Amino acid sequence: MFFQFQVSYLLAFVNIRQLPMAMALVLELKRSNMMRSFSFKRAFSSPPTFNPNLLSSLKLNHLLQLCSNSKALSPGKQLHQHMILCGLDHHPFMLTKLVQMYADCGDLGSARALFDELSQPNVFAWTAILGFYSRNGLSDECVRTYCEMRLKGVPPDKYVFPKVFKACGQLLWFQVGIQVHKDVFVYGCEFDLQVCNSLIDMYSKSGDVGSGRRVFDEMVERDVLSWNSMISGYVCNGFLEFAVGLLDSMRIRGFEPDIVTWNTVMDAYCRMGICDEAWEIFEQIKEPNIISWTTLISGYSRIGNHEKSLWIFREMMNRRKVFPDLDSLASVLVSCRHLGALVRGQEIHGYGIRTADHLSSFYKSAGPALLTMYARCKRMQEAVNVFESMDRFDAVTWNAMILGFVDLGTGDLALECFSKMQRSGGIMNNQTTISTVLPACDLKSGKQIHAYITKNSFSSVIPVWNALIHMYSECGCIGTAYSIFSNMISRDIVSWNTMIGAFGMHGLGHSALQLLQDMNVSHIRPNSVTFTSALSACSHSGLVDEGVELFHSMTRDFGFTPGMEHFSCVVDLLARADRLEDAAGFVERMPVKPNKHIWSALLAACRDRQNVSVAKMASGQLFQLEPENAGNYVTLSNIYARAGRWDDALVVRKQMEDIGLVKSSGYSWI
């Protein structure tokens, strides 16, 4: 009867994955109960003999390990009860196994209570507690427990160090990590594979990728995780070309990249702004996962190719092999915002509501992009509804609302929202808050926020100073903007691009080109935005020859492939200098097919300078690229009219009527 109760109670707490392990426990319990019954019968027919425990320590150890591996807490508790019956619950070895079982099954309270019963816990007991803290993100507790273990004189082993290094990396406790690294040498674990992998990860997260590389170079053996950790370290710290180069080294040494490797290298290419290279890698992956897709979606969105970003999202949905997660939804909503794709954004909003496990998690992740998308599309009621669904005590919620007002061009409402955020209490401004509200400021409010930045803890936050440079330049204070730039302790690529763009906006082309040279001396590699800003500066300053030379140097000196925006800048540069024939020749020699923006820039220049022949060529291309755009027909018709070519102007007007772009002329009864 007791055995039947044990079996039924045991099976009631297992799911299908735990069934094999549960059946093993059942067999052991059955065997022990048969032995117990046999011993009871022998007590009446034979002399007293030794009565064995219900289960031996060896079997209990094995079964507890099965519970740990399967995270089967209920069967584990049954075994604990069995140990109490056997009188094994105070044995140090079995107590340690119980601590491990409870910690592995997520029951810290029981694990810690049993741990405290041990008079001298060994490294295995400490490792179990450290493992629980590490798995559950309790990084500070993990580090403190390690320090407590060391104070008690327990020597750590190779299983302890990875858990502590993971905690140090998550906490960015760099100095603590260095001290623990010294313990690695003291206890002879410096060549262990897992210890070295965790060290690389810790140093990379702490920003010391050089120390991580030294650990990597000194490893006596490596696995794919070692390479992935080093490549990821380079990407996270902005050493993107090193990450791509390390992929080649990895393959030369006979290691085959896995999906993590490919995703990380794709991320590197996307951060470099060359997403087409990432796309080529993506097409080589047999079974791309959601991270692969999201990396591409966010990458193309980041470089402004929102059409491609949205296309990739649709392609992912059409294949029906991978389904979007919250990150991918948030990324594609950013592209919907920039494209003004309201219908697509609404569809994604509906999909997120239908598929999210919890609406709060959906709005926490995708809410900011969703809110700003509705604001950009001038659907403020929907934006407010999203705002009401988000966490009002999270700065991200307020930042999104401020950005929504900035996108609408309602700077006064953005500043009012910022003020309301300050009055709400309990919500701390972060760097995004300040960077978002500054574009809404006039000179007076901008100076007030500048004073706020100086008084508070934003003195070393680069994005905030970048936003200040932009604000002052927009307000006409180019000298103040350059003074802030010059006094920055450290700068990123955005700092340089913002200042170059500011000089260009004010017609200071020579200053912009000089800053580009200074940037090269500082070993900051220009990106697509840098060249666009510098070429635009040349265009607005009349530096035609310098601009053309800069364009050619992009490929010659920097190995950079010009994009459509750079070709458009050169066309504008030549057109502004009244060199329309040269501009037309430049367009015809382009290695890629010119888009509508190139031809539109050329046609607009022809309108300003009354060049009929080039206008005819440019409009012909535009009629094919966007046949329903009435503006192109009107521009060409006006150019003909101003040249006195009335018949040609009427022909263009007749074309418009034939394809239904304008109504026929009306007549008055008066």
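This tour moves through the structure stop by stop, naming what to select and what is found there.

The model is predicted: local features require pLDDT of at least 70 and side-chain atom pairs count only at pLDDT 80 or more, whereas totals for chains, interfaces and linings use all residues. Residues are numbered from 1 along each chain as its sequence is written, and side-chain values use heavy atoms, with hydrogens and water left out.

**Aromatic pairs**

Rings of Phe, Tyr and Trp (for Trp, the six-membered ring) are paired if their centres lie within 6.5 Å; planes under 30 degrees apart count as stacked, over 60 as edge-to-face and the rest as tilted. The count by this rule is 24 aromatic pairs. Select Phe216 and Trp227: their ring centres are 5.0 Å apart and their planes stand at 80°, so the pair is edge-to-face. This pair links distant parts of the chain, with Phe216 in helix α12 (residues 209-218) and Trp227 in helix α13 (residues 224-236), 11 residues apart. Helices here are DSSP runs (H or I, at least four residues), as strands are (E, at least two), numbered from the N terminus. Both Phe216 and Trp227 are buried, a term for under 20% relative accessible area, with exposed meaning over 50% and partly exposed in between (1.4 Å probe, protein chains only).

Select next Phe387 and Trp398, an edge-to-face pair with 5.4 Å from centre to centre and 85° between the planes. Phe387 belongs to helix α22 (residues 380-389) and Trp398 to helix α23 (residues 395-407), 11 residues apart, and the pair links distant parts of the chain. Phe387 is buried at a relative accessible area of 7%, and Trp398 is buried at 3%.

**Charges over rings**

Trp279, Phe282, Trp293 and Trp311 can be selected together, as they form one aromatic cluster. The criterion is NZ of Lys or CZ of Arg within 6 Å of the ring centre and within 35 degrees of the ring normal. Elsewhere, Arg491 lies over the face of Phe485, 4.4 Å from the ring centre.

Ser301 is located in helix α17 (residues 290-302) and is buried, with a relative accessible area of 9%. Leaving aside residues up to four places away in sequence, Ser301 touches His306, Ser309, Ser331, Val334 and Ser335, where contact means heavy atoms within 4.5 Å.

Thr530 lies in helix α31 (residues 528-541) and counts as buried at 0% relative accessibility. With residues up to four places away in sequence again not counted, Thr530 touches Ile493, Asn497, Ile500, Leu516 and Met519.

**Salt bridges**

A salt bridge is a side-chain nitrogen of Lys or Arg within 4 Å of a carboxyl oxygen of Asp or Glu. The count by this rule is 23 salt bridges. Select Arg319 and Glu315, which form one of them with the closest N and O atoms 3.3 Å apart. Both residues lie in helix α18 (residues 306-319), 4 residues apart, about one turn of the helix. An α-helix has 3.6 residues a turn, so residues three or four places apart point the same way. Arg319 is partly exposed at 41% relative accessible area, and Glu315 is partly exposed at 22%.

Move to Asp545 and Arg579, a salt bridge whose closest N and O atoms are 3.8 Å apart. Asp545 is in helix α32 (residues 544-556) and Arg579 in the loop between α33 (564-576) and α34 (580-588), so the pair ties together parts that are 34 residues apart in sequence. Asp545 is exposed at 57% relative accessibility, whereas Arg579 is partly exposed at 32%.

Two further selections complete this stop. The side chains of Glu549 and Arg556 meet in a salt bridge at 2.5 Å, N to O, and Glu549 is partly exposed at 41% relative accessibility. Arg337, Arg376 and Asp407 are linked in a network of salt bridges.

**Helix α37**

Finally, select residues 630-642, which make up helix α37: its 13 residues reach 18 Å from first C-alpha to last, close to the 18 Å expected at 1.5 Å a residue. That expected span is 1.5 Å times one less than the number of residues. The buried residues in α37 are Asn632, Tyr633, Thr635, Leu636, Ser637, Ile639, Tyr640 and Ala641. The buried residues of α37 pack against α35 (596-609), α36 (612-625) and α38 (646-658). At the start of α37, a side-chain oxygen of Asn629 comes to within 3.0 Å of the backbone nitrogen of Gly631. After the helix comes Gly644, with a positive phi near 80°.

Methods. A polar contact is a pair of N or O atoms within 3.5 Å; within protein, one must be able to donate a hydrogen and the other to accept it, and residues adjacent in sequence count only if both atoms are side-chain atoms.
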